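Hello,

Here is the structure I promised to pass on.

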Amino acid sequence: MIPWLTGAPHFPPVECALDEPPGLLAAGGALTPEWLLAAYRQGIFPWYSAGEPILWWSPDPRLVLTPSRMKVSRSLRRTVRQHRFEIRFDTAFQAVVEACAQPREPGGSTWITAEMQVAYHRMHELGYAHSVEAWDEGVLAGGLYGMAVGRAFFGESMFSFRTDASKVALAHLARYLESRDFAVIDCQMTTRHLLSLGAFEIPRAEFRAGLAIWTREGDGPGRWPEDASRGLF
């Protein structure tokens, strides 16, 4: 059994998270800015499907990526330097979220529900949620979005309509975060794709100890400059 959350944003100790399914901590609560910020600062994130209650997760171990340690392959570096895609920040947040929400296969479902989209759009308005967009001749070709709290960036989802578009967006994000002295990109769940890009697992306790410092440092919330990627490569 997991606890049902009500009232003020207060989560049980993450050590209470289930082993199966891995990291499931609690249900209920809300997707307000207060709940989301309290969650991310503790290494907790919402993830659930339509028709389910809000589910909160804190897996152990945690997959992270140090911005300076992203692996950019020779072919990807060539694509980046060819400037095949125009990279913009925070100019089409809602379009990026909607693209990420599209099912990966016909008839599939998505965890980026309408409720989630509204919640993260509000966080974008408050300057916490950001998008990185890859444009191809004026058409949105790929991108990603996530949350920035202090010196920690919490990746949520990415998509590609063109080959390598999301990888190029991620490479620019990593360089930008490195230039602003961000400590970590939280990748949440382990995947082969992210491991191939340089992500690695750390114990949940180590991740939370870092967050206690990182989320209270750095600049405050605010919109990122549209051309923030200029000169990064």
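Strand S9 gives the most to the lining of the largest pocket, with five residues. Strands (E, at least two residues) and helices (H or I, at least four) are DSSP runs, numbered from the N terminus. A pocket is defined on a 1 Å grid over the protein atoms alone, as an open set of points where a 1.4 Å probe fits, with protein on both sides within 12 Å along at least five of seven lines; lining residues have an atom within 4 Å of a point.

Some ground rules. This is a predicted model, with local features needing pLDDT of at least 70, side-chain atom pairs counting only at pLDDT 80 or more, and totals for chains, interfaces and linings using all residues. Residues are numbered from 1 along each chain as its sequence is written, and side-chain values use heavy atoms, without hydrogens or water.

Back to the largest pocket. Its volume is about 670 Å³, taken as the space filled by probe spheres set on the points, which are joined across faces, edges and corners. It has 31 lining residues. Nearest its centre lie Trp 111, Glu 156, Ser 157, Met 158 and Leu 194. Besides S9 (152-160), elements that supply at least two residues include strand S8 (139-149) and helix H5 (165-179). The lining splits into 18 nonpolar, nine polar and four charged residues. Here Ala, Val, Leu, Ile, Met, Phe, Trp, Tyr, Cys and Pro count as nonpolar, Asp, Glu, Lys and Arg as charged, and the others, Gly among them, as polar.

The second largest pocket holds about 230 Å³.

Now strand S5 (residues 62-65). S5 runs antiparallel to S11 (residues 200-202), joined by three bridges. Pairing takes at least two DSSP bridges. S5 also pairs with S10 (residues 184-188), antiparallel, over three bridges. Leu 63 faces Glu 201 in S11 and has Gln 188 as its bridge partner in S10.

Last, the cores. A nonpolar core is a set of buried Ala, Val, Leu, Ile, Met, Phe, Trp, Tyr and Cys residues joined through side-chain atoms within 4.5 Å. The largest has 51 residues; Trp 56, Tyr 120 and Met 147 touch the most other members. Apart from it lies another core, of 33 residues, Leu 65 and Phe 89 among them.

Best wishes

Definitions and conventions. Buried means under 20% relative accessible area, exposed over 50%, partly exposed in between (1.4 Å probe, protein chains only).
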